[in-house]
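Have a look at the fold, then read on.

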Amino acid sequence: MNNLIKKIFILATAIVIAPSTFAETKVQKPLELKAEKNVANMSMVIKDNFIKAKYASAEKKYLQGNVKAAHDDYADIIARMAHDDYVLLAYGIKLAEYGFFDLSEELIKKLDNNIYTENYIKDIKLFYYPSGMVNSKDSLYLADAYASITYNNLAIETTSELLNSTQASESDYKNYLIALGYYKSNNLPLALKYINNAIVENNVNVNYKILKTKILADSKKSKQALKILEEIKKNEFITVDFQNKIRAIEEYVLYKIAKEEALKDYHLSYYYHLQNKSLLATKVLQSAILQSKEHAPLIFGLLARIYYENDEPLKAQEFAQRAFKENNRNYLSTLTLADISFDERKYEDALGYYKIAHKSNKKASSPAVGIAKSYLALDKQKKSQKIYEKMLDKYGYDEILLINSLKVFPQRSDDYLPKIASVDLTNNEIWLGLANRAIKEKNYKMAETYLNNSYYIDENNFKYYYYLSLVLKAKGNTEGANQSLVKCSRLNADYASIVNPE
């Protein structure tokens, strides 16, 4: 889950934010920039670097198997950290993944009950939580077992220890860990037995069902694996992070059950891509190209999409065109050609490609959003608005849809910006947009909160320092405001000159 802290999620299409939503708040008088000293005293809006460093240290200890020390460090972090929904959620998810349910629950209890938190709390508990909480001692014992199995190559030894111990015997999570241990040891029949035990005790936990799906897929029980996969997909995960987890497991199962090597490589590459291992994905795809001409459009289409999402438009266009030439209904190639055309302001071409992509995959929202934004770019406001209205009724929490619809409905930004943040905590532009609106409303306390989140995601974002300068100036800290503008200028001189012209 480092993607929540390091922002490794990449949007599937290029995003255009409404100018009115993120229009910069103008400084009444140009500030005279002084020589930078220590880049201001930003303690009021910057996360305590001690907390970040200690978190990194705790994670290292955990991964190395020093689980008790890691637990103590995490507990100390929780005691020290200021109230902040973003960081509490980011850490809460990570601790749930590691099996520190006592600490995760402690963090979740500190959260405010608001739009930013409710979606993530629901998804965390649905995905990770056991049916009942165990005491801190048992939680530590089980977390240690998870670390040993997952990160320290001790699956056989740990599974044996779990089987022979009566500790935490009432926890369905213990059965899950025994199943995981057997799975990692390639003892699939016993892995299936114990994961079934865990699911009997807790038939809600999605992580348990994911492990069962993997066990069935690895056991060549394809129909059963697909049946459990369909059951998993019925869960309505709202947040982007957890949606990606479900998509990844779908590609993993398809990889395991595929008969042809080229298809296996295709699905394995897609699985890697969804886990932000794009370099590995492209290597597997390059190998797959040599194996099959029949599946070349699929392979070229996925390669195009990966290159596009990694800001390599020339390579993306090359492979997308190759895929489209062989199969003009290939979804990923047509979507990529549409996005590239839109980026190049070839809106008629983009519209045509988006329409083809929509016909190829009517369940996906990206092509319909593309059609709507293309109509808008072609000055067909009413057509665009009609599509957005229809889609917003159907996909109310779709991140890309919400962001793009602000072009047509800028007046809804007060509702939509928090909604977007509630499904993707790591979308830095949204936190900056919220900070901008709070500054316009002279609500500097909320602006500081939003800027805290932005800084934690990317401490080198130039917009962050510009908005910070406005907050500091409003609070009478002119020197700090000047220093922040200097930092903004050093990161992006063009931006600084536009928002603060001499």
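How are helix 8 and helix 9 oriented to each other: roughly parallel or roughly antiparallel? They are roughly antiparallel, a label for angles over 145 degrees, with under 35 counting as roughly parallel.

A word on the source: this is a predicted model, where local features need pLDDT of at least 70, side-chain atom pairs count only at pLDDT 80 or more, and totals for chains, interfaces and linings use all residues. Residues are numbered from 1 along each chain as its sequence is written, and side-chain values use heavy atoms, leaving out hydrogens and water.

Back to that pair. Helix 8 and helix 9 pack at an angle of about 150°, and their axes (lines fitted to C-alpha atoms over the stretch in contact, with angles from 0 to 180 degrees between N-to-C directions) are 8 Å apart. Contact here means heavy atoms within 4.5 Å.

| Helix | Residues | Residues that meet the partner |
|---|---|---|
| Helix 8 | 155-164 | Ala155, Thr159, Leu162, Leu163 |
| Helix 9 | 172-184 | Lys174, Leu177, Ile178, Gly181, Tyr182, Lys184 |

Now for helix 19 (residues 347-360): its end C-alpha atoms sit 20 Å apart, which agrees with the 20 Å its 14 residues should span at 1.5 Å a residue (the expected span is 1.5 Å times one less than the number of residues). Ala350, Leu351, Tyr354, Ile356 and Ala357 are buried there, meaning under 20% relative accessible area with a 1.4 Å probe, protein chains only. These buried residues pack against helix 17 (313-326), helix 18 (331-343) and helix 20 (366-377).

Zooming out, the protein chain has 28 helices and 0 strands (DSSP runs, H or I of at least four residues for helices and E of at least two for strands, numbered from the N terminus). Of its 502 residues, 56% count as buried.

Terms used: Parallel < 35°, antiparallel > 145°, perpendicular 65-115°, else oblique. Buried < 20%, exposed > 50% of the residue type's maximum accessible area, 1.4 Å probe, protein only.
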